[in-house]
Amino acid sequence: MSRFPTDILIAGQWRRGAGEPVDTVDPATGRPLATVHSASADEVAEAAEAAAKAMADPSWRDLLPHERARLLHRIAELTEEAADELSALQTADTGKTLAETRALALSAAGTFRYTAAALETAEDTVTPSRGAYLTMGVHEPIGVVGAINPWNSPVASDAQKIAPALAAGNAVLLKPAAWTPLVSLALGRLITQALDEFRLPRALLSVLPGSGRVVGDALVRHPLVARIGFTGGTETGRSIAAVAAHKLIPASLELGGKSPTIVRADADTEQALAGVMFGIFSSSGQSCIAGSRLFVAREIYDSFVGELVERVRRLRVGPGTEPGTQVGPLVHHHHRDAVAAYVDLARAEGARVLCGGSAPEGERYRDGAYYLPTVLDGLPNTSRTCQEEIFGPVLVALPYEDEDDLVRQANDSVYGLACGIWTRDARAAWRLARRIDAGTVWINTYKQFSASTPFSGWKDSGLGTEKGRDAIRAYQRQKSLYWSTSDTPLPWAN
């Protein structure tokens, strides 16, 4: 247990938190990994006050954008160098496969590197003059930023908030999920090292694990927190949005999803089968953009779903540390039980369980939080199973009759996060991509991401965007400057 980080980062100091202890558990075995003492509400306040002072320190306040970019480049280097360590920590904490967690660590490094490049090339504007003055827009940091992330992809989610927030000149209070704090703490140590190398205030970043009820609430409500970035459940997002509205501060909310993945009759079957499985069963379905509703053209429904079920049965379930594993355990036994309860609900609603529908049997699975990849059908799109986010390896298949029927069913959801389309017809792909209510649409692929491409949700899937060049501006305030070019005094000069 000593190999895991347990001290937390409060106001520039690594120390044991004063809040309640939380055991982090290996979901593959059920064995405790480490005990991390959460931050207390008082420590959140301490971190916020120290962050505000760090922002005001001339060494940070007066740092030019290209110099902040150098800091981000250094964080990227350190993250890339530590990719194996970060990968192992995240696999231990979340159960994800090592291949996936290494990709997430490298993605985090890429986010810092891309954001540094975007910062180097960011420009302010001189606006067209409408009088005897020069007008220009500049951008200033917002202040102390609260960043709250979930347990499913910690290190990549952390980078997506920390990188643009620091690039914009802010300080960050990061709250990782209570179940999975280890990789966020490790990333915090790398960022602390970079801050030390550049002789910048450590308090520009605090890493404050703990429950949403204590740490999250204290962070969101603190008067010095001037912006919130949240990734997580929709109901929690609504609560945060209400506090942000009361405080009159901006908030970006990346929330839940129930994303449709569409297989047209003209699709490349092999490509679609692999893509549909990857879209829902990678990450054990624990992804906000998981393609959890499968719509298949009626004329190929039976053959496609039949072949899909045969292939799903052959997916390799096991510990994330085994190279051959395709579907690892779920993050926690409590979450596995919640997923199982949804499958029981599906049965009660009249679903057919075509495969899966239970925890795997055998000694190697006995103590882990495993659940078999599951395919359901026989339900209408209006059922709770088709409408509510399960966040596990559960796919529900539905037939559609024509394009209008497809669009009606696909858009009949409170969510609008992502969509996948499998077709050989480029015109049909374009029409569907434009008609589907979703912030991201993949065509003949799924779960591909680029740091340069904005990511956002529609409807109950969120507010605001992450990634892309504009991510930095989302963590800044715009200011207009007027410079007089006239020799004529103002009317009241005398």
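Visitor: What makes up the lining of the largest cavity?
Guide: In this predicted model, the residues include Thr 111, Tyr 114, Gln 160, Lys 467 and Ile 472. A lining residue has an atom within 4 Å of a point of the cavity, and a cavity is a set of points on a 1 Å grid over the protein atoms alone where a 1.4 Å probe fits but cannot get out.

Visitor: Which helix gives the largest share of that lining?
Guide: Helix α5 does, with 4 residues. A helix here is a DSSP run of H or I with at least four residues, numbered from the N terminus.

Visitor: Which residues of α9 are called buried?
Guide: Thr 234, Gly 237, Ile 240, Val 243 and Ala 244 are. Buried means under 20% relative accessible area, with a 1.4 Å probe and protein chains only.

Visitor: What does Phe 112 touch?
Guide: Its contacts, meaning heavy atoms within 4.5 Å, include Leu 72, Ile 162 and Ile 191, leaving out residues up to four places away in sequence.

Visitor: How should I read the numbering and the model?
Guide: Residues are numbered from 1 along each chain as its sequence is written. The model is predicted, so local features need pLDDT of at least 70 and side-chain atom pairs pLDDT 80 or more, while totals for chains, interfaces and linings use all residues, and side-chain values use heavy atoms, without hydrogens and water.

Conventions
Buried means under 20% relative accessible area, exposed over 50%, partly exposed in between (1.4 Å probe, protein chains only). Helices (H or I, at least four residues) and strands (E, at least two) are DSSP runs, numbered from the N terminus. On a 1 Å grid over the protein atoms alone, a cavity is a set of points where a 1.4 Å probe fits but cannot get out, and a pocket is an open set with protein on both sides within 12 Å along at least five of seven lines; lining residues have an atom within 4 Å of a point.
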